[in-house]
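Thanks for coming. Please keep the picture in view while I talk.

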Amino acid sequence: MRRIVWWYVAVCCVAVLFGACKEEQKSKRPFVYFTNYQRTFNDLNDRHLSSAKRLGITPLTSSGELSKADRTLKEIKTCSLFKVDKLTHSEPYLVPEACELLGTIARNFKDSLYQKGLPAHSIVVTSVLRTGSSVKNLRKKNINASANSAHVYGTTFDIAYARFEKDGRKDAPGDKLKSVLADVLQDLRLQKKCYVRYEYKQGCFHITVR
C-alpha cells in the first residue's frame, strides 16, 4: 500500500515539474517582430478623407469655433490609457467614434504587452483635430503637411511609434513596443475599424476611424 502511495506522489511531482517546464518554455518563446510597416500601413489620403468626411465635422477655421461644431466633439486628456503630447498645431478633440477607437487601441496595446510579458507602457497621441488656422501655421514649418488633411474632421489622430510613456520603473525596447502597437493596429485595420498610414518622417501612425 505504501509503495502505491509513494508511486502516486512521485507521478504527481513529475507532472507538476513537467508542467512548470512547459510554462517556462512558453514564457521564453522568442519575440516575433512585426515587419513591412510601410507596405502594410499604406492607406492613402483619399481613403482617410472619404471616411473623415462621412463621419466628421465640418472643418473649423479656428479653435474659437470648437463649441460651434456641427457634431459632438469629445476632449481627450492624458489618462491611465494614453498620454496626450504637448499639442502645438492641433486641438485635443475627436468625434465620439474616433475617441472610442483611440481607447480601444490604448487598451489593446496594454493588454498585448501584458500577454507578452513586457513592462506596462502607454501610447502617446501627438496630433488630433486641426483647424484652418493650425493647418496654415503647420505648413509654414512643414511644407510637406497636407492642406487637405483628414485631421480637420475630428476623425483622425496620430500615435507616435518611437516614443512611449513608461507606466512603471521598468522599460522595454522601443522596437518591441513599436511592433506590439503595429500588431494592435493591423488587427483593428483588418476588422475594418480604421485606416492607418505609416508616417516615416513624422515618426507616427496616422489613423482615421471607419
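I start with one residue. T40 counts as buried, because its relative accessibility is 17%, and buried means under 20% relative accessible area, exposed means over 50%, and partly exposed is in between, with a 1.4 Å probe and protein chains only. T40 lies in helix α2, residues 37-40. Helices here are DSSP runs of H or I with at least four residues, strands are DSSP runs of E with at least two, and both are numbered from the N terminus.

Before going further, the ground rules. This is a predicted model, in which local features need pLDDT of at least 70 and side-chain atom pairs count only at pLDDT 80 or more, while totals for chains, interfaces and linings use all residues. Residues are numbered from 1 along each chain as its sequence is written, and side-chain values use heavy atoms, with hydrogens and water left out.

Back to T40. What does T40 touch, leaving aside its neighbours within four places in sequence? T40 is in contact with F34, T35, Q186 and R189, where contact means heavy atoms within 4.5 Å. The C-alpha atoms of T40 and A182 are separated by 9.5 Å, although the two residues are 142 apart along the chain.

Now the core. A nonpolar core is a set of buried Ala, Val, Leu, Ile, Met, Phe, Trp, Tyr and Cys residues joined through side-chain atoms within 4.5 Å. The largest one has 44 residues, and the members touching the most others are I105, I123, F157, F205 and I207. Two or more residues of this core come from each of β2 (82-84), α4 (96-115), β4 (121-127), β5 (156-160), α6 (174-190), β7 (194-199) and β8 (204-209). Take I105 as an example: neighbours within four places aside, its contacts are I123, F157, I159, L181, V184, L185, L188 and I207. There is also a second, separate core of six residues, and L49, A52, A150 and V152 are among them.

On to the strands. Two strands pair if DSSP finds at least two bridges between them. Which strands pair with β4? β2 and β4 run parallel and are joined by three bridges, with F82 opposite I123. Strand β6, residues 165-166, pairs with β4 in the antiparallel sense over two bridges, and there S122 stands opposite E165. β5 is also antiparallel to β4, again over two bridges, with V125 opposite I159. Six of the seven residues of β4 are buried.

The other strand to look at is β8. Five bridges join β8 to β5, and the two run antiparallel; A160 stands opposite C204. β7 and β8 are antiparallel too, over six bridges, and here E199 is the residue opposite C204. β7 and β8 form a hairpin with four residues between them, and G203 in the turn has a positive phi of about 65°.

Is β8 covered on one face or both? In a regular strand the side chains alternate between the two faces of the sheet. In β8, C204, H206 and T208 are buried on one side, and F205, I207 and V209 are buried on the other.

Last, charges. Side chains of opposite charge can pair when their charged atoms come close. A salt bridge here is a side-chain nitrogen of Lys or Arg within 4 Å of a carboxyl oxygen of Asp or Glu, and by this rule there are seven.

One of them joins R47 and D43, at 2.9 Å from N to O. R47 is partly exposed at 44%, whereas D43 is buried at 2%. Another joins E165 and K83, with the closest N and O atoms 3.6 Å apart. E165 is in strand β6 and K83 in strand β2, so this pair ties together parts 82 residues apart in sequence. Both ends are partly exposed: E165 at 32% and K83 at 26%.

R163 sits in the loop between β5 and β6, and D85 in the loop between β2 and β3 (93-94), 78 residues away. Finally, salt bridges with shared partners join D43, R47 and R189 into one network. R189 already came up as a contact of T40, the residue I began with.
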